[in-house]
Amino acid sequence: MGIRVGIIGTGLIGEDHGRKLSSVISGSTVSAVTDVRRERAEQVAAIVGGARVLASGHELIASDLVDAVLVTSIGETHAEYVLACITAGKPVLCEKPLAPTVAECERIIAAEVAHGRRLVIVGFMRRYDPGYQQVEATLRSGAIGEALMLHNVHRNATVGEGYTSTMTMTDSMIHEVDVSRWLLDEEIMAVQVIPPKRTPKAFPHLQDPQFAVFTTESGILSTVEFFANAQYGYDVRCELVGSLGTAALVNPVVASTTAGGRASAAVPADWRGRFSGAYTAELQAWIAGLARGECVGPSAWEGYAATKVVEAGVEAVVSGARETIDYMDKPALYR
Ligand code: NAD
Ligand code: ISE
């Protein structure tokens, strides 16, 4: 039976993670699910097999059926559920963002510090992608010298009408915030967002694409081109420029076609195809850690620091100015 996971929020990623936890990951089962759309929770319960549909997130957190909780509901609900998990003393993997506001992240940190033991991890899955891991290992090896610049590209094929100009930061570029902090091992101290010419393929309310520049403690620049309606598919790129050379992601190609005088390879439709292996590795590391009594994965501090940058980034989208960031002291629990 292993670790019995309860899932709160059975939308796209709740279903995707649920499939992995019930049939790919070793040492876990999905024992309970819940969603404000009960029919959706019932669908996912049928997909994972053997999960009870419970009436609310709070009932699920309190349930004896659940050893650990996966929060994959919408971002605005994360803090409430993560805080309830800490109160119940249950480990929780919360999808990004840990919470949409810094104030909520600070409450989570205060609660976890008062609890005295780490329970919370945040779903920054790119840290588990073999390509990003290779770039990180190359930097640490010294082969490309000192990091000077990081160039990131993040393109979605399309987004829905509900996607707004500030969600480019809160929903999407938050991944580049985390990748920059993790790869460069420095905090981001300032952010600026420059609006390029707009694509005609976005709803009029959305500034798309957007271009952000993060500056780290030692002055490394991390640039992000984020394009929400790139049309052709899902495409994530990254090149780290060092004082002696560069290290770049190579997008994984599963198979290519050569026909009619052309060679081509498929582009993934969305994040599920591109990062499937990273989600599996993230979930497996979490479950294996829990089996040993450890909390393995990006901490609540990483979630807080990312939301700090994102909050400044949202101000920068509106102001057009370079917004600076200051952080609280890092509690000993996260050092
Ligand atoms: P989604 O809209 O498909 O699913 C969200 C689900 O939460 C819906 O089924 C909705 O009914 C449910 N919900 C809303 N309020 C709730 C509440 N109070 N209690 C319980 N359920 C509630 O969205 P999604 O794409 O699955 O995204 C969910 C979360 O995962 C978001 O925080 C998103 O940023 C994150 N996400 C992360 C990645 C990644 O690459 N790490 C990818 C996609 C989404
Ligand atoms: C989505 O919510 C994710 O987290 C994906 O990883 C990201 O690439 C996409 O831009 C977001 O909308």
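## The shell around ligand 2

In this predicted model, helix α7 (residues 167-184) provides the largest share of the shell around ligand 2, namely three residues. The residues around this ligand are Lys-96, Met-125, His-154, Asn-156, Asp-171, Ser-172, His-175, Tyr-234 and Trp-271. By class, the shell of ligand 2 consists of three nonpolar, four polar and two charged residues.

Oxygen atoms of ligand 2 are approached by polar side-chain atoms of the protein. For Ser-172, the separation between a polar side-chain atom and an oxygen atom of ligand 2 is 2.8 Å. For His-175, a polar side-chain atom likewise lies 2.8 Å from an oxygen atom of the ligand. Asn-156 places a polar side-chain atom 3.1 Å from an oxygen atom of ligand 2. Taken alone, ligand 2 exposes 300 Å², of which the protein buries 87%. The space that ligand 2 takes is the largest pocket.

## The shell around ligand 1

Ligand 1 is surrounded by 25 residues, the closest being Asp-35, Arg-37, Tyr-81, Lys-96 and Tyr-279. Lys-96 is also listed among the residues around ligand 2. The shell of ligand 1 divides by class into 10 nonpolar, 10 polar and five charged residues. Helices α1 (12-23), α4 (78-88) and α7 each contribute at least two residues to the shell of ligand 1; helix α7 is also the element that gives three residues to the shell of ligand 2.

Polar contacts to ligand 1 involve both side-chain and backbone atoms of the protein. A polar side-chain atom of Lys-96 is found 2.8 Å from an oxygen atom of ligand 1. A nitrogen atom of ligand 1 lies 2.9 Å from an N or O atom in the side chain of Glu-95. The backbone takes part at Gly-11, where a polar backbone atom is 3.5 Å from an oxygen atom of ligand 1. On its own, ligand 1 has 850 Å² of accessible area, and the protein covers 83% of that area.

Strands of a sheet pair through backbone hydrogen bonds, in either a parallel or an antiparallel arrangement. One open sheet here has seven strands in the order β12-β11-β7-β10-β9-β8-β15, and its pairing is mixed. Strands β12 (246-248) and β15 (323-324) stand at the edges with a single partner strand each, so one side of each lacks a neighbour in the sheet.

Within this sheet, strand β7 (residues 147-155) is joined to strand β11 (residues 235-242) by eight bridges in the antiparallel sense. Leu-150 has Leu-240 of β11 as its bridge partner, and Val-153 is partnered by Arg-237 of β11. Strand β7 also pairs with strand β10 (residues 221-227), here in parallel and through seven bridges; Met-149 stands opposite Leu-221 of β10.

Strand β8 (residues 188-194) and strand β9 (residues 210-216) run antiparallel and are joined by six bridges. In that pairing, Ile-188 has Thr-216 of β9 as its bridge partner. Strand β8 additionally pairs with β15, antiparallel and over two bridges, and Val-191 stands opposite Glu-323 of β15.

## The six-stranded parallel sheet

A further open sheet has six strands, ordered β3-β2-β1-β4-β5-β6, with parallel pairing. Its edge strands are β3 (52-53) and β6 (120-122), each of which pairs on one side only. Strand β1 (residues 3-8) and strand β2 (residues 28-34) run parallel and are connected by six bridges. Across this pairing, Ile-7 stands opposite Val-33 of β2.

Methods
Residues numbered from 1 in each chain as written. Chains lettered and ligands numbered in written order. Predicted model: local features only at pLDDT ≥ 70, side-chain atom pairs only at ≥ 80, totals over all residues. Heavy atoms only, no water. Near = heavy atom within 4 Å. Polar contact = N/O pair within 3.5 Å; in protein donor to acceptor, adjacent residues only side chain to side chain. Areas by Shrake-Rupley, 256 points an atom, 1.4 Å probe, with all protein chains shown as cover. 1 Å grid on protein atoms, 1.4 Å probe; cavity = no way out; pocket = protein on both sides within 12 Å on 5 of 7 lines; lining within 4 Å. Sits in = over half its atoms within 2 Å of the grid points. Helix = DSSP H or I, 4+ residues; strand = E, 2+ residues; numbered from the N terminus. Nonpolar A, V, L, I, M, F, W, Y, C, P; charged D, E, K, R; others polar. Pairing = 2+ DSSP bridges.
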